[in-house]
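My entries follow in the order in which I worked.

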Amino acid sequence: MEIWVNPACAKCRSAVSMLDEAGAEYTVRKYLEDPPTAKELKAVLKRLGLEPWDITRTAEAIAKELELKTWGRTPADRDRWIDALVTHPKLIQRPIITADDGTTVVARTPEAVQSVLPS
């Protein structure tokens, strides 16, 4: 299992604490220091069943600067969004957990974190 975190994020710290309490084995990826490649991001999006705009933090300053809220949200726009997330990883919603069984979640709630823990 891998969790993409920003250590300054309270929801990330909470998710890591829940994984620790459950005794889960996982790897932490500080995605601001080690950003995902376009290929990795596409794989995570596929596992999530989401589009890049679904996991974009549109309230970030860089999102406003790029005027992301005005960007199209069609298949033709997908690569532009992915490029923005790869170039500016701060825009990626966090934390994201990818479990070995293929389960992948944006773990912003305790329920989402629970969903990737072994039964």
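**Domain interface**

The side chains of R29 and E40 form a salt bridge, at 3.0 Å from N to O.

I note that this is a predicted model, in which local features need pLDDT of at least 70 and side-chain atom pairs count only at pLDDT 80 or more, while totals for chains, interfaces and linings use all residues. Residues are numbered from 1 along each chain as its sequence is written, and side-chain values use heavy atoms, with hydrogens and water left out.

I took the bounds from the domain assignment, automatic or from a database, which gives domain 1 as 1-31 + 94-118 and domain 2 as 36-90. The contact (heavy atoms within 4.5 Å) takes 13 residues from domain 1 and 11 residues from domain 2.

I then looked up the buried area, that is, the accessible area (1.4 Å probe) that two parts lose on being put together, summed over both; between domain 1 and domain 2 the value is about 990 Å², with 58% from carbon and sulfur atoms.

**Cysteines**

I searched for disulfides, meaning pairs of cysteine sulfur atoms within 2.5 Å, and the count was 0. For C9 the nearest cysteine sulfur is that of C12, 3.4 Å away, which is too far for a bond.

Definitions and conventions
A salt bridge is a side-chain nitrogen of Lys or Arg within 4 Å of a carboxyl oxygen of Asp or Glu.
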